[in-house]
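My entries follow in the order in which I looked.

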Protein chains: 2
Amino acid sequence: MQIVNEHRRKDIHNSDIPTVCSACEARHGGVCGTLSPDQLLDLSRHSTRRSIEPGREVIGQGETTDSYANIISGVVKLSKVLADGRQQIVGLQFAPDFMGRPFTRESALTAEAAVDTDICCFPRTVLDRLVAEVPGLEHRLHEQALKELDEARDWMLTLGRKTAQEKVASFLYIIATHIDPEKGTANEFDLPLSRADIADYLGLTIETVSRQITKLRKENVIRIENSRHVSVPSLDRLMHVAGID
Amino acid sequence: MQIVNEHRRKDIHNSDIPTVCSACEARHGGVCGTLSPDQLLDLSRHSTRRSIEPGREVIGQGETTDSYANIISGVVKLSKVLADGRQQIVGLQFAPDFMGRPFTRESALTAEAAVDTDICCFPRTVLDRLVAEVPGLEHRLHEQALKELDEARDWMLTLGRKTAQEKVASFLYIIATHIDPEKGTANEFDLPLSRADIADYLGLTIETVSRQITKLRKENVIRIENSRHVSVPSLDRLMHVAGID
DNA sequence: AGCAGCCTTTGATTTTGATCAAGTCGCCGA
DNA sequence: TCGGCGACTTGATCAAAATCAAAGGCTGCT
């Protein structure tokens, strides 16, 4: 994991930054961005990296935890289930998102890795202390919450008012624009979700998802290989099919 | 509007509090709760009360504003529309909610009064200054955002995975538990939304909403008069039909 | 009172997506 | 290399909700 970064880093004063953090892909985007080297050191001393394999739960609906985490790489599904087992994925989180809400006293949702995922966990107590000490930190967390709220509301429009075709296209668009934390959008990518997951995200069945993907393929909106790898000739076209503008 | 409050107020130190605020129904629940009398005076000097009749837009999708508001009484619909006119209500706000997100530089959604509604508006600049000055204020706004996020995610489960019957029951349950800012739940209430609004909130058509309401009535889950007034003999029963545990 | 207009309900029919049921494909282990 | 298994696709049928269409019923106005 000791990758030497060939590009010049965005910040000059790398000197005092903890080693774990200076190599961290999520440092600038996550909560850590607002922290001084001292504070970063403080936090890093209490934080642990974890690798999570696909399907592994980070936290279950109704459980309690006392930690927060940053996603370093990978994709995490946030989902809710009804008593009878019907499931809905209510959010996807990508690097370098902060996972803050799953860890409230009692979690209202399940967080589960969709693919191999690395996260950086730190205890609630430490972050809470830092929030009290560092002026801009709560603001950062607030911004993250507002971003998630906007995304949730966008998705509500998708769930409530779009057709199956538009839903699937909307999903592919989300992935294309989020899968690569570096550059904005990708024309080609591996789907981080199985058909069953996609169905749970879109409020559809796997059969319908499969049929709609086939339809999009036949209409040349996307190309598929291996059923997991997708390429998108024209993002504009995909957006249009997704009913976005 | 000069109503004399017969009940003893929860706080003792009423002395320095601006008159407009001391009579305000939203003061304890809204953002104002964290402010000192001085700060409240500061804010109140720049704030204006507005009465909004049903159907009147407070802010439209894509517009810009420079104010926030507290809901004093009434109900506000937050909605999004697709290019072709399909609409989805993505949230309802009740007194004493803070309306913060609608007013970001460019609003991602439309806020519109569902019934006669009173709000207390204040300029972005003043609140932003107070946020910088008052330690707990951003936290309060953060909490509000997290509350809305939780509600949005709950609703996503409803939109994606519940049947029409469950959706309508879920809606009625939301209203029963939110319409009265004072006590928790009401067994009897006027619906703040028309059938068309309910349909837009549930991702259904008005015909389906109407049929499901009729069905709930015939099954004695609810009683209806005037098509707007609803009474609920058993909240537990309603919850159960709504698929809530 | 009588009428116009809107909101709501109800009915008949159609459509979309769900359900049921086989396959097919790719991958892993024997 | 061959099964076998899980994930995905495809097909046939069914059902829930949408759509199309026509009343009711309430409100406000003349």
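**Entry 1: the surface near DNA strand D**

I began at the DNA, in what is a predicted model, and found that H7(A) gives the most to the surface near DNA strand D, with six residues. I then asked which residues come nearest to DNA strand D. Sorted by class, the residues of the surface near DNA strand D are five nonpolar, seven polar and four charged.

**Entry 2: chain B against chain A**

Next I turned to the two protein chains, whose contact takes 30 residues from chain B and 30 residues from chain A. On the side of chain B that touches chain A, the elements giving two or more residues are strand S5 (87-94) and helix H4 (135-161) of chain B, and H4(B) gives the most, with 17 residues. By class I recorded 14 nonpolar, seven polar and nine charged residues on that side of chain B.

**Entry 3: how the copies are related**

Finally I asked what rotation superposes chain B on chain A. The rotation is 180°, with 0.0 Å of shift along its axis and an RMSD of 0.0 Å, which is the relation of a two-fold axis. I also noted that the same surface serves both copies, since 100% of the contact residues of chain B recur in chain A.

Definitions and conventions: Residues are numbered from 1 along each chain as its sequence is written. Chains are lettered from A and ligands numbered from 1 in the order in which they are written. This is a predicted model: local features need pLDDT of at least 70, side-chain atom pairs count only at pLDDT 80 or more; totals for chains, interfaces and linings use all residues. Copies are superposed by least squares on the C-alpha atoms of residues with pLDDT of at least 70 in both. Two residues are in contact if their C-beta atoms, placed from the backbone, lie within 7 Å. Helices (H or I, at least four residues) and strands (E, at least two) are DSSP runs, numbered from the N terminus. Ala, Val, Leu, Ile, Met, Phe, Trp, Tyr, Cys and Pro count as nonpolar, Asp, Glu, Lys and Arg as charged, and the others, Gly among them, as polar. A residue is near a molecule or strand if its C-beta atom, placed from the backbone, lies within 6 Å of it.
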